[in-house]
Amino acid sequence: MRDLVRRIDSATPPGRDRATDALRALAILGVVLGHWLVTALVADSGTVRAASPLAYLPHLAPVSWLFQTLAVFFVVGGQVAAPSYASARARGATYGRWLGARTARMGRPLTAVLGVWAVAAVVMLVSGVSPATVHTLLKLVLSPLWFLLVLMALTAATPLVARLHPLWPLAVVLHVDLFRFALGGPAWLGWINLAAGWLVPYCLGAAWSRGELNGRGAAWALLGGGAAATALLVLFGGYPASMVGVPGAPVSNLDPPTLAAVTFGLAQCGAALLLVRPLRRLCARPAVWAGVALANLSALTLFLWHQTSMMAVTAIGLLAGGPLPGLHTVPDSPGWVVARLLWLPAFAGALLVCWAAFRGHEQRARGRTEVVRGGRPTRRAEAGHV
């Protein structure tokens, strides 16, 4: 293990900003744990249906503030993509070649999970599993993929939005919500926010890459202003307190994104900027950096398979002959929350199995690990050897 840690540390260029990778790893951890904690599969009358503890225990809404880390993904995406495109253009690379290189990595891992679940769905239907159960499982697997589609779209738009001020998309979100909530406009207008809402942290990331957010004052302003605006919107604007979707709720902060979700994202971006210096110091330790680097090498694999790992444990648990607390029961009590926490190591173990089985798809898609140094990719270590 010490040899592995040394090789990873030596394969990392001195100029690499390790804090960016640490933020991405923390965001992945937040998404995975968040889904595992707020998603329940209830075995009922021969079918499996999805439920959320937030629907039964609304006072747990603050949990969603910790694990809804999507804005961190997008601010890191903008911080990496903007200088990467500028560097590619300086080397004479075309836009198409740059975009193809950045999006090709997603192809093989995404094809793998879609192929496995297409076969699984057919097998379940043929073997007599109810269509309602199959629909529930497929929805859990496919619904998080919207994130990849939005990230790919924003990446493709990088040349157009790299210098766009974040206030412009924020103003779009404000007017869309004002029109559909205060003036009774059609609900479909909210889907404009799917692009505009996540464009806000993406543009902040591009500004960060230009050195415009390096001062701690900007970070504190984002954190304080975003948190205050979110609190006002929740307390007096009628927005839900939960920053994730809750089944049966009249309004979701994520489906599509609302102004409250965007202001909450501003606060997250401010917190991320404040964490940069401590994370740089922490990641200077080779053992810590090795964990962060390995998580980033398989980031897409972990994201794509974390729901499958939870469902695999749930399915195996059915072999016990009866519903297991925290796994198959209705999430309507604090006891369910405690039981679910005890199941998290089992979910993590199943995810480790999925990672071992499918990480090769992501690593072969990379070819060799691209380490961004000042926006320019260098090839220092093969992913299969790191």
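Predicted model: local features only at pLDDT ≥ 70, side-chain atom pairs only at ≥ 80, totals over all residues.
## Second largest pocket

The second largest pocket has a volume of about 1,200 Å³. Its lining is made up of 41 residues, and those closest to the centre of the pocket are Ser143, Val244, Gly245, Val246 and Asp255. By class, the lining of this pocket comprises 24 nonpolar residues, 14 polar ones and three charged ones.

Several elements give two or more residues each to the lining of the second largest pocket: helices H2 (18-38), H4 (62-67), H7 (131-142), H8 (146-156), H10 (167-182) and H15 (299-317), together with strand E2 (47-51). H2 provides the largest share of this lining, with five residues.

## The cavity

Searching the whole structure for cavities of 30 Å³ or more gives one. The largest cavity has a volume of about 50 Å³. The residues that line the largest cavity are Leu140, Val141, Pro144, Leu145, Phe303, Leu304, His306, Gln307 and Thr308.

Both H7 and H15 supply at least two residues of the lining of the largest cavity, and H15 gives the most, five residues. The lining of the largest cavity has six nonpolar and three polar residues, but no charged residues. H7 and H15 are also among the elements that give two or more residues to the lining of the second largest pocket.

## Helix H12

Helix H12 runs over residues 216-236, a total of 21 residues. The distance from the first C-alpha of H12 to its last is 30 Å, close to the 30 Å expected at 1.5 Å a residue.

Ala219, Leu222, Gly226, Thr230 and Leu233 are the buried residues of H12. They lie on the same side of H12, because the arc they cover around the axis is only 85°. In general, an α-helix has 3.6 residues a turn, so residues three or four places apart point the same way. The buried residues of H12 pack against helix H11 (192-209) and helix H13 (259-283). On the face of H12 turned away from the buried side are the exposed residues Gly217, Ala221, Leu232, Leu235 and Phe236.

## From H12 to H13

Pro256 is placed in the loop between H12 and H13. The peptide bond that joins Asp255 to Pro256 is cis, and its omega is near 5°.

## Arg281 in H13

Arg281 is located in helix H13. The relative accessible area of Arg281 is 59%, so this residue counts as exposed, the cut-off being over 50%. Arg281 and Arg18 are 263 residues apart along the chain, and their C-alpha atoms are separated by 9.2 Å.

## Helix H14

Helix H14 consists of the twelve residues 286-297. At 1.5 Å a residue H14 should span 16 Å, and its end C-alpha atoms are 16 Å apart, so the two values agree. The buried residues of H14 are Trp289, Ala290, Val292, Ala293, Asn296 and Leu297.

Technical notes. Residues numbered from 1 in each chain as written. Heavy atoms only, no water. 1 Å grid on protein atoms, 1.4 Å probe; cavity = no way out; pocket = protein on both sides within 12 Å on 5 of 7 lines; lining within 4 Å. Points joined across faces, edges and corners; volume = space filled by probe spheres on them. Helix = DSSP H or I, 4+ residues; strand = E, 2+ residues; numbered from the N terminus. Nonpolar A, V, L, I, M, F, W, Y, C, P; charged D, E, K, R; others polar. Expected span 1.5 Å × (residues − 1). Buried < 20%, exposed > 50% of the residue type's maximum accessible area, 1.4 Å probe, protein only. Arc of directions from axis to C-beta. Contact = heavy atoms within 4.5 Å.
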